[in-house]
Amino acid sequence: MIFSHGKLLLTSEYVVLDGALALALPTKWGQEFFVSEQFDGQSLINWTALHQGKSWLNATIDYQNGTVVSTNIHDSAAFILKVLMKVKELSSNVLKEDSSYSITTNLQFPANFGLGSSSTLMNNLAQWADIDAFELNEACLGGSGYDIAVAQEQSAIFYQNQPERNVKKIDFDPSFKNDLIFIHLNQKQNSREGIDLYRSKEKSSHLIEDFSTITKQVLEVQTLEEFSDLMILHEKKLSEFLGIETTKEKYFETSPSFVKSLGAWGGDFVMSSKFSGYQDYFLGKGFSSVFSYDDLIY
């Protein structure tokens, strides 16, 4: 079995695309990958994708002819075909003869959680095929690549993709981590829309430097108050740049704690800190999926 951890991006969402230093964390949940080879001369891939142990996608793919033979979800099978044909192109180890393969993937978290269903798949496939996961991900999905780095390092990381990719394992173990909470906003955000909005804005080098500085400071703070101030500053700067309201302004204006978006704004997870009655507060706002640091972070 091959396994890759999911991810949460703590700092520099969007600006990581243009070289800002980002801090990202691995989640306990990830994606499992099982494969067996049959020397039957048929060149087929029998693909079964599970979500939390329950089957959702089944596809039979002819990898020599590049066709989907049968499936229950055509769009998803077409994407898997595209990825597998890229794997075939890049790998010298797999999909080269006429063997057939049975591949089963199991996503351990709900698909709408935004923890890296695609990036964990890319990394698992790359490990199996002994190819560059960043190259596979860039060809099939794009993005900054921080999620691939998290899956590979299985650790908190500093990540920067310009002027060249730089991945550094870090020890992120703040004394106040038990005060931190993660709230799921009950919707899978289309990160492409947010990226398009970000791309449409004119950026200065100062913007990249500002977020890189905040990221470095996050690793240095000693108290929850200092950390909270940095999260508030981060949200404010990005809100002003994007020209859209923060998640706190949109959903949690009365919260006594900071609320920090993690990744694409408007969906997936946000981070906050505990306060008196916090569970009832978020439940009253319609958000029942609240996780502690140890619940979620690897």
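Student: How far apart in helix α1 are K86 and E89, counted in helical turns?

Tutor: In this predicted model, K86 and E89 are three residues apart in helix α1, which spans residues 74-90, so about one helical turn separates them. An α-helix has 3.6 residues a turn, so residues three or four places apart point the same way.

Student: What makes the meeting of the K86 and E89 side chains a salt bridge?

Tutor: The rule asks for a side-chain nitrogen of Lys or Arg within 4 Å of a carboxyl oxygen of Asp or Glu. Here the distance from N to O is 3.1 Å, so the pair of K86 and E89 meets the rule. Side chains of opposite charge can pair when their charged atoms come close.

Student: Is E89 buried or exposed, and how do you know?

Tutor: E89 has a relative accessibility of 56%. Exposed means over 50%, so E89 counts as exposed.

Student: Where do K236 and E240 lie, and what joins their side chains?

Tutor: Both sit in helix α7, four residues apart, which is about one turn of the helix. K236 has 48% relative accessibility and counts as partly exposed, whereas E240, at 53%, counts as exposed.

Student: How many salt bridges does the rule give?

Tutor: The count comes to six. One of them joins E13 and K260, whose closest N and O atoms are 2.9 Å apart.

Student: Are E13 and K260 buried or exposed?

Tutor: Buried means under 20% relative accessible area. E13 has 1% and K260 has 0%, so both count as buried.

Student: What makes the contact of α6 with α7, and how do its residues divide?

Tutor: On the α6 side the contact is made by L207, D210, F211, I214, Q217 and V218, and on the α7 side by F227, L230, M231, L233, H234, K237, L238 and F241. These residues divide into ten nonpolar, two polar and two charged.

Student: What relation does α2 have to α4, and how do you know?

Tutor: The axes of α2 and α4 come within 9 Å and cross at roughly 55°. Roughly parallel needs an angle under 35 degrees and roughly perpendicular starts at 65, so α2 is oblique to α4. The crossing is right-handed. The contact is made by S119, M122 and N123 of α2 with D147, I148, A151 and Q152 of α4, and these residues divide into three nonpolar, three polar and one charged.

Student: What makes α4 largely enclosed by the rest of the structure?

Tutor: Six of the eight residues of α4 are buried, and that is why it is described so. The buried ones are Y146, D147, I148, A149, V150 and A151. Their cover includes β1, β2, α2, α3, β7 and β8.

Student: Where does Q52 lie, and what is its phi?

Tutor: Q52 is in the loop between β3 (44-51) and β4 (54-62), and its phi is near 50°, a positive value in a residue other than glycine. Its relative accessible area is 47%, so Q52 is partly exposed.

Student: How do you know whether the peptide bond from Q162 to P163 is cis or trans?

Tutor: Omega is near 5° there, and the bond is cis. P163 is found in the loop between β7 (157-160) and β8 (166-169).

Terms used. Residues are numbered from 1 along each chain as its sequence is written. This is a predicted model: local features need pLDDT of at least 70, side-chain atom pairs count only at pLDDT 80 or more; totals for chains, interfaces and linings use all residues. Side-chain values use heavy atoms; hydrogens and water are left out. Contact means heavy atoms within 4.5 Å. Helices (H or I, at least four residues) and strands (E, at least two) are DSSP runs, numbered from the N terminus. Ala, Val, Leu, Ile, Met, Phe, Trp, Tyr, Cys and Pro count as nonpolar, Asp, Glu, Lys and Arg as charged, and the others, Gly among them, as polar. Buried means under 20% relative accessible area, exposed over 50%, partly exposed in between (1.4 Å probe, protein chains only). Axes are lines fitted to C-alpha atoms, for helices over the stretch in contact, and angles run from 0 to 180 degrees between N-to-C directions. Angles under 35 degrees count as roughly parallel, over 145 as roughly antiparallel, 65 to 115 as roughly perpendicular and the rest as oblique. A crossing is left-handed if the near helix is turned anticlockwise from the far one by less than a right angle, and right-handed if clockwise.
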